[in-house]
Amino acid sequence: MGTGHLKIDLDALVANWRALDAASGASVETGAVVKANGYGLGAGRVARALAQAGARKFFVAAAEEGASLRQELGEGPEICVFGGHMAGDTDMIGDLGLTPMLNSLEQLTRHFEALPGKPFGIQLDSGMNRLGMEPAEWAAVADIALTAGPRLIMSHLACADEPDDPANRAQLDMFRAMTDGVNVPRSLSATGGILLGPDYHFDVTRPGVGLYGGLPFADARPVAHLSFPVIQTRVVEPGEFVGYGKTWTTEHQRTIATVAAGYADGVIRAMSNNINMYHDGVACPLVGRVSMDLITVDITDLNTVPKSLFLLCDEQSVDTVADAAGTIGYEILTSLGGRYSRRYCQGAA
Ligand SMILES: *Cc1c(COP(=O)(O)O)cnc(C)c1O
(Lines give C-alpha, C1' and ligand atoms only; values in the text may rest on other atoms or scores of the structure.)
Protein backbone atom coordinates (compact mmCIF):
# COMPACT_ATOMS: atom_id res chain seq x y z
CA MET A 1 0.00 0.00 0.00
CA GLY A 2 1.23 3.45 -0.80
CA THR A 3 1.62 6.04 1.87
CA GLY A 4 1.16 9.76 2.04
CA HIS A 5 3.72 12.24 0.90
CA LEU A 6 4.63 15.32 2.91
CA LYS A 7 6.52 18.06 1.13
CA ILE A 8 8.03 20.64 3.45
CA ASP A 9 8.89 23.92 1.79
CA LEU A 10 11.90 25.26 3.68
CA ASP A 11 11.98 28.40 1.53
CA ALA A 12 8.46 29.26 2.71
CA LEU A 13 9.49 28.49 6.30
CA VAL A 14 12.47 30.85 6.03
CA ALA A 15 10.30 33.51 4.38
CA ASN A 16 7.83 33.26 7.27
CA TRP A 17 10.65 33.61 9.81
CA ARG A 18 12.01 36.65 7.96
CA ALA A 19 8.56 38.25 7.85
CA LEU A 20 8.03 37.70 11.59
CA ASP A 21 11.59 38.93 12.22
CA ALA A 22 10.79 42.12 10.29
CA ALA A 23 7.51 42.50 12.22
CA SER A 24 9.40 42.07 15.49
CA GLY A 25 11.44 45.19 14.72
CA ALA A 26 15.09 45.87 14.02
CA SER A 27 16.33 45.95 17.61
CA VAL A 28 14.57 42.73 18.58
CA GLU A 29 16.05 39.24 18.25
CA THR A 30 13.67 36.74 16.66
CA GLY A 31 14.04 33.19 17.89
CA ALA A 32 12.21 30.11 16.67
CA VAL A 33 10.05 27.63 18.54
CA VAL A 34 10.70 24.08 17.32
CA LYS A 35 9.04 22.04 20.08
CA ALA A 36 7.07 18.89 19.26
CA ASN A 37 9.49 18.00 16.47
CA GLY A 38 9.18 21.39 14.84
CA TYR A 39 5.34 21.33 15.01
CA GLY A 40 5.44 17.95 13.32
CA LEU A 41 7.60 19.06 10.39
CA GLY A 42 10.99 17.86 11.63
CA ALA A 43 12.84 19.93 14.25
CA GLY A 44 16.31 19.22 12.89
CA ARG A 45 15.69 20.25 9.29
CA VAL A 46 13.55 23.19 10.31
CA ALA A 47 16.08 24.49 12.83
CA ARG A 48 19.03 24.05 10.46
CA ALA A 49 17.25 26.03 7.75
CA LEU A 50 16.40 28.80 10.22
CA ALA A 51 19.92 28.84 11.67
CA GLN A 52 21.25 29.34 8.13
CA ALA A 53 18.82 32.23 7.76
CA GLY A 54 20.18 33.82 10.94
CA ALA A 55 18.14 32.48 13.88
CA ARG A 56 20.36 32.10 16.95
CA LYS A 57 17.84 31.13 19.64
CA PHE A 58 15.68 28.04 19.55
CA PHE A 59 12.98 27.02 21.99
CA VAL A 60 11.79 23.51 22.84
CA ALA A 61 9.39 22.14 25.45
CA ALA A 62 11.55 19.51 27.12
CA ALA A 63 15.25 18.83 27.69
CA GLU A 64 14.99 15.62 25.63
CA GLU A 65 13.94 17.70 22.62
CA GLY A 66 16.79 20.08 23.31
CA ALA A 67 19.27 17.22 23.45
CA SER A 68 18.37 15.88 20.02
CA LEU A 69 18.22 19.40 18.59
CA ARG A 70 21.76 20.02 19.82
CA GLN A 71 22.98 17.02 17.78
CA GLU A 72 21.34 18.56 14.71
CA LEU A 73 22.53 22.12 15.24
CA GLY A 74 25.95 21.64 16.75
CA GLU A 75 27.40 24.17 19.14
CA GLY A 76 26.56 27.81 18.78
CA PRO A 77 22.83 28.44 18.72
CA GLU A 78 21.19 28.79 22.11
CA ILE A 79 18.57 26.13 22.93
CA CYS A 80 16.07 27.19 25.59
CA VAL A 81 13.81 24.70 27.37
CA PHE A 82 10.35 25.97 28.37
CA GLY A 83 9.82 23.10 30.82
CA GLY A 84 12.84 24.21 32.79
CA HIS A 85 15.14 21.94 34.78
CA MET A 86 13.32 18.76 35.76
CA ALA A 87 14.65 16.00 37.97
CA GLY A 88 16.81 13.81 35.72
CA ASP A 89 17.60 16.58 33.22
CA THR A 90 20.90 17.68 34.73
CA ASP A 91 23.26 15.66 32.52
CA MET A 92 21.45 16.62 29.32
CA ILE A 93 21.35 20.28 30.25
CA GLY A 94 24.96 20.37 31.40
CA ASP A 95 26.56 18.20 28.71
CA LEU A 96 24.66 19.65 25.78
CA GLY A 97 24.65 23.27 26.87
CA LEU A 98 20.88 23.76 27.10
CA THR A 99 19.35 26.80 28.75
CA PRO A 100 16.44 25.81 31.00
CA MET A 101 13.78 28.42 31.69
CA LEU A 102 13.41 27.95 35.45
CA ASN A 103 9.75 27.93 36.42
CA SER A 104 9.77 27.70 40.21
CA LEU A 105 11.87 28.04 43.32
CA GLU A 106 12.21 24.26 43.21
CA GLN A 107 13.71 24.34 39.71
CA LEU A 108 15.92 27.29 40.59
CA THR A 109 17.33 25.43 43.60
CA ARG A 110 17.87 22.28 41.55
CA HIS A 111 19.70 24.16 38.82
CA PHE A 112 21.89 26.22 41.14
CA GLU A 113 22.87 23.14 43.14
CA ALA A 114 23.45 20.78 40.22
CA LEU A 115 24.91 23.15 37.63
CA PRO A 116 26.20 26.27 39.37
CA GLY A 117 27.35 28.91 36.92
CA LYS A 118 25.64 27.23 33.96
CA PRO A 119 23.23 29.19 31.75
CA PHE A 120 19.58 29.52 32.67
CA GLY A 121 16.59 31.74 32.06
CA ILE A 122 13.55 32.57 34.15
CA GLN A 123 9.93 32.04 33.19
CA LEU A 124 7.36 34.21 34.95
CA ASP A 125 3.62 33.71 35.16
CA SER A 126 1.98 36.99 34.14
CA GLY A 127 -1.57 35.62 34.36
CA MET A 128 -1.93 32.48 32.28
CA ASN A 129 -1.46 30.21 35.29
CA ARG A 130 0.38 27.54 33.36
CA LEU A 131 4.17 27.82 33.67
CA GLY A 132 6.45 30.19 35.51
CA MET A 133 6.98 31.87 38.84
CA GLU A 134 4.11 33.79 40.37
CA PRO A 135 4.71 37.41 41.37
CA ALA A 136 5.22 36.63 45.06
CA GLU A 137 7.57 33.74 44.33
CA TRP A 138 9.54 35.93 41.94
CA ALA A 139 9.76 38.74 44.47
CA ALA A 140 11.26 36.30 46.95
CA VAL A 141 13.96 34.91 44.64
CA ALA A 142 14.60 37.78 42.21
CA ASP A 143 17.75 39.03 43.94
CA ILE A 144 19.41 35.63 44.06
CA ALA A 145 18.31 34.79 40.52
CA LEU A 146 19.46 38.10 39.06
CA THR A 147 22.84 37.88 40.80
CA ALA A 148 23.45 34.62 38.96
CA GLY A 149 22.87 36.35 35.61
CA PRO A 150 19.93 34.83 33.75
CA ARG A 151 20.17 34.84 29.96
CA LEU A 152 16.50 35.66 29.46
CA ILE A 153 13.37 36.47 31.42
CA MET A 154 10.19 35.40 29.67
CA SER A 155 6.45 35.05 30.05
CA HIS A 156 3.68 33.86 27.74
CA LEU A 157 0.37 35.40 26.62
CA ALA A 158 -2.84 33.40 26.90
CA CYS A 159 -4.99 35.34 24.40
CA ALA A 160 -2.60 36.86 21.87
CA ASP A 161 -4.65 35.45 18.98
CA GLU A 162 -7.51 37.74 20.14
CA PRO A 163 -6.03 41.25 19.81
CA ASP A 164 -8.94 42.93 21.60
CA ASP A 165 -8.91 40.71 24.64
CA PRO A 166 -8.12 42.83 27.72
CA ALA A 167 -6.03 39.96 29.11
CA ASN A 168 -3.26 40.96 26.68
CA ARG A 169 -2.84 44.40 28.19
CA ALA A 170 -3.20 43.01 31.71
CA GLN A 171 -0.46 40.44 31.12
CA LEU A 172 1.76 43.08 29.53
CA ASP A 173 1.34 45.32 32.58
CA MET A 174 2.02 42.43 34.93
CA PHE A 175 5.15 41.39 33.00
CA ARG A 176 6.39 44.98 33.11
CA ALA A 177 5.69 45.29 36.82
CA MET A 178 7.69 42.12 37.44
CA THR A 179 10.65 43.00 35.21
CA ASP A 180 10.99 46.73 34.59
CA GLY A 181 14.43 47.96 35.56
CA VAL A 182 15.96 44.50 35.37
CA ASN A 183 19.01 44.44 33.16
CA VAL A 184 18.29 41.12 31.43
CA PRO A 185 16.85 40.49 27.93
CA ARG A 186 13.09 39.99 28.10
CA SER A 187 10.65 38.00 25.96
CA LEU A 188 6.86 37.97 26.05
CA SER A 189 5.57 37.25 22.55
CA ALA A 190 4.97 34.22 20.39
CA THR A 191 3.41 34.56 16.92
CA GLY A 192 0.26 36.26 18.18
CA GLY A 193 2.13 38.70 20.40
CA ILE A 194 4.37 39.80 17.54
CA LEU A 195 1.23 40.85 15.68
CA LEU A 196 -0.03 42.85 18.70
CA GLY A 197 2.66 45.45 18.06
CA PRO A 198 5.93 46.81 19.44
CA ASP A 199 4.77 47.21 23.07
CA TYR A 200 4.75 43.43 23.25
CA HIS A 201 8.11 42.71 21.62
CA PHE A 202 10.74 43.49 24.31
CA ASP A 203 14.15 42.02 23.34
CA VAL A 204 13.40 38.55 22.01
CA THR A 205 10.33 37.14 20.22
CA ARG A 206 9.43 33.45 20.06
CA PRO A 207 7.32 32.63 16.99
CA GLY A 208 6.21 29.07 16.44
CA VAL A 209 3.05 28.39 14.46
CA GLY A 210 3.47 31.35 12.11
CA LEU A 211 6.76 29.88 10.88
CA TYR A 212 4.89 26.76 9.84
CA GLY A 213 2.17 28.58 7.96
CA GLY A 214 -0.55 28.77 10.63
CA LEU A 215 -2.84 31.40 12.10
CA PRO A 216 -2.77 33.88 13.69
CA PHE A 217 -0.11 34.83 11.10
CA ALA A 218 -2.58 35.31 8.26
CA ASP A 219 0.14 36.31 5.77
CA ALA A 220 2.12 33.13 6.29
CA ARG A 221 3.17 31.11 3.29
CA PRO A 222 2.08 27.47 3.44
CA VAL A 223 4.93 25.19 4.43
CA ALA A 224 3.38 21.71 4.55
CA HIS A 225 1.96 20.13 1.39
CA LEU A 226 0.36 16.79 2.06
CA SER A 227 -0.92 14.33 -0.51
CA PHE A 228 -2.12 10.73 -0.39
CA PRO A 229 -2.17 8.11 -3.15
CA VAL A 230 -5.37 6.85 -4.74
CA ILE A 231 -5.49 3.07 -4.36
CA GLN A 232 -8.57 2.30 -6.43
CA THR A 233 -11.73 3.86 -7.80
CA ARG A 234 -15.25 2.54 -8.25
CA VAL A 235 -18.60 3.73 -9.49
CA VAL A 236 -21.25 3.88 -6.78
CA GLU A 237 -24.86 3.59 -7.87
CA PRO A 238 -27.84 5.53 -6.47
CA GLY A 239 -28.92 4.21 -3.08
CA GLU A 240 -25.55 2.66 -2.24
CA PHE A 241 -23.59 3.77 0.79
CA VAL A 242 -19.87 4.33 1.37
CA GLY A 243 -17.80 3.50 4.43
CA TYR A 244 -18.24 2.47 8.05
CA GLY A 245 -21.65 3.10 9.54
CA LYS A 246 -23.07 3.99 6.08
CA THR A 247 -22.95 7.69 6.96
CA TRP A 248 -22.99 8.71 3.28
CA THR A 249 -25.45 7.50 0.71
CA THR A 250 -25.66 8.74 -2.86
CA GLU A 251 -28.69 9.73 -4.88
CA HIS A 252 -26.77 9.90 -8.14
CA GLN A 253 -24.11 7.78 -9.72
CA ARG A 254 -20.73 8.91 -8.35
CA THR A 255 -17.10 7.95 -8.85
CA ILE A 256 -15.42 7.26 -5.54
CA ALA A 257 -11.66 7.10 -5.00
CA THR A 258 -10.28 5.14 -2.08
CA VAL A 259 -7.24 6.96 -0.76
CA ALA A 260 -4.43 5.72 1.49
CA ALA A 261 -4.99 8.17 4.35
CA GLY A 262 -6.69 7.75 7.67
CA TYR A 263 -6.85 8.99 11.19
CA ALA A 264 -3.58 7.18 11.86
CA ASP A 265 -2.10 9.70 9.43
CA GLY A 266 -3.56 12.75 11.12
CA VAL A 267 -6.71 12.90 9.00
CA ILE A 268 -8.84 13.46 12.06
CA ARG A 269 -12.00 11.37 12.16
CA ALA A 270 -14.11 14.44 12.93
CA MET A 271 -13.46 15.50 9.30
CA SER A 272 -15.70 12.67 8.06
CA ASN A 273 -18.08 14.01 5.39
CA ASN A 274 -16.70 17.50 6.06
CA ILE A 275 -13.51 18.27 4.14
CA ASN A 276 -12.29 18.51 0.57
CA MET A 277 -9.29 16.89 -1.04
CA TYR A 278 -7.75 18.66 -4.03
CA HIS A 279 -6.48 17.74 -7.46
CA ASP A 280 -5.18 20.52 -9.71
CA GLY A 281 -7.22 23.08 -7.81
CA VAL A 282 -10.48 21.10 -8.03
CA ALA A 283 -12.19 20.35 -4.71
CA CYS A 284 -13.30 16.75 -4.19
CA PRO A 285 -15.38 16.07 -1.08
CA LEU A 286 -14.37 13.41 1.38
CA VAL A 287 -17.47 11.23 1.74
CA GLY A 288 -18.22 8.71 4.46
CA ARG A 289 -16.20 8.14 7.57
CA VAL A 290 -12.47 8.50 7.92
CA SER A 291 -11.14 5.09 8.88
CA MET A 292 -7.71 4.27 10.29
CA ASP A 293 -5.84 3.91 7.01
CA LEU A 294 -8.35 4.89 4.33
CA ILE A 295 -10.68 7.63 3.22
CA THR A 296 -13.16 7.75 0.37
CA VAL A 297 -13.39 10.79 -1.87
CA ASP A 298 -15.97 11.76 -4.49
CA ILE A 299 -13.93 12.48 -7.63
CA THR A 300 -16.87 12.60 -10.03
CA ASP A 301 -16.01 16.20 -10.96
CA LEU A 302 -12.53 15.30 -12.16
CA ASN A 303 -12.13 14.16 -15.70
CA THR A 304 -9.13 12.00 -14.84
CA VAL A 305 -8.26 9.52 -12.13
CA PRO A 306 -5.53 11.29 -10.18
CA LYS A 307 -2.52 9.43 -8.81
CA SER A 308 -2.96 11.28 -5.53
CA LEU A 309 -5.12 13.86 -3.79
CA PHE A 310 -3.98 16.76 -1.62
CA LEU A 311 -5.20 17.55 1.87
CA LEU A 312 -2.77 20.43 2.49
CA CYS A 313 -2.00 22.60 -0.54
CA ASP A 314 -2.19 26.17 -1.72
CA GLU A 315 -5.99 25.84 -1.92
CA GLN A 316 -6.37 24.47 1.62
CA SER A 317 -4.41 25.66 4.66
CA VAL A 318 -3.84 23.87 7.95
CA ASP A 319 -6.41 26.21 9.48
CA THR A 320 -9.12 25.33 6.95
CA VAL A 321 -8.48 21.68 7.69
CA ALA A 322 -8.51 22.43 11.41
CA ASP A 323 -11.90 24.15 11.17
CA ALA A 324 -13.36 21.07 9.54
CA ALA A 325 -12.20 18.98 12.49
CA GLY A 326 -13.22 21.48 15.16
CA THR A 327 -9.62 22.11 16.17
CA ILE A 328 -6.70 24.49 15.51
CA GLY A 329 -3.88 24.47 12.97
CA TYR A 330 -1.37 23.60 15.70
CA GLU A 331 -3.11 20.28 16.32
CA ILE A 332 -3.30 19.44 12.62
CA LEU A 333 0.43 20.01 12.22
CA THR A 334 1.45 18.08 15.32
CA SER A 335 -0.91 15.22 14.37
CA LEU A 336 0.82 14.67 11.04
CA GLY A 337 1.64 11.01 10.88
CA GLY A 338 4.85 9.08 11.00
CA ARG A 339 4.31 6.87 7.98
CA TYR A 340 4.55 9.42 5.20
CA SER A 341 7.49 9.83 2.93
CA ARG A 342 8.87 13.29 3.58
CA ARG A 343 10.72 15.56 1.25
CA TYR A 344 12.28 18.87 2.15
CA CYS A 345 12.68 21.33 -0.64
CA GLN A 346 14.87 24.40 -0.56
CA GLY A 347 16.40 26.69 -3.15
CA ALA A 348 14.09 25.99 -6.11
CA ALA A 349 14.67 22.24 -5.72
C1 LIG B 1 4.44 27.13 21.94
C2 LIG B 1 5.01 28.35 22.58
C3 LIG B 1 5.44 29.43 21.81
C4 LIG B 1 5.16 29.53 20.33
O5 LIG B 1 3.79 29.85 20.18
P6 LIG B 1 3.11 30.05 18.75
O7 LIG B 1 1.73 30.47 19.08
O8 LIG B 1 3.17 28.72 18.08
O9 LIG B 1 3.88 31.09 18.02
C10 LIG B 1 6.10 30.48 22.44
N11 LIG B 1 6.29 30.47 23.78
C12 LIG B 1 5.85 29.46 24.57
C13 LIG B 1 6.08 29.51 26.03
C14 LIG B 1 5.19 28.38 24.00
O15 LIG B 1 4.75 27.38 24.79
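Tutor: The C-alpha centres of domain 1 and domain 2 lie 37 Å apart. This is a predicted model, in which local features need pLDDT of at least 70 and side-chain atom pairs count only at pLDDT 80 or more, while totals for chains, interfaces and linings use all residues. Residues are numbered from 1 along each chain as its sequence is written, and side-chain values use heavy atoms, with hydrogens and water left out.

Student: What makes domain 1 and domain 2 separate parts of the protein chain?

Tutor: The bounds come from an automatic or database domain assignment, and they give residues 10-212 to domain 1 and residues 224-345 to domain 2.

Student: How many residues of domain 1 and of domain 2 are in contact?

Tutor: Contact means heavy atoms within 4.5 Å, and 10 residues of domain 1 are in contact with 8 residues of domain 2.

Student: What area do domain 1 and domain 2 bury between them, and why is it called buried?

Tutor: Buried area is the accessible area (1.4 Å probe) that two parts lose on being put together, summed over both, and here it is about 890 Å², with 64% of it on carbon and sulfur atoms. In domain 1, Tyr 39, Leu 41 and Val 209 lose the most area to domain 2, together 48% of what that side buries.

Student: How many salt bridges are counted between domain 1 and domain 2?

Tutor: A salt bridge needs a side-chain nitrogen of Lys or Arg within 4 Å of a carboxyl oxygen of Asp or Glu, and the count between the two domains is 0.

Student: Which helices supply at least two residues each to the side of domain 1 that touches domain 2?

Tutor: They are helix 1 (10-24) and helix 2 (35-39), where a helix is a DSSP run of H or I with at least four residues, numbered from the N terminus.

Student: Which residues of helix 3 are called buried, and why?

Tutor: Buried means under 20% relative accessible area (1.4 Å probe, protein chains only), so in helix 3 (residues 43-53) the name goes to Ala 43, Gly 44, Val 46, Ala 47, Ala 49, Leu 50 and Ala 53. Their cover includes helix 1, helix 2 and helix 4 (63-73). Helix 3 is followed by Gly 54, whose phi is positive, near 120 degrees.

Student: What share of the protein chain is buried?

Tutor: Buried residues make up 51% of its 349 residues.

Terms used
Buried means under 20% relative accessible area, exposed over 50%, partly exposed in between (1.4 Å probe, protein chains only).
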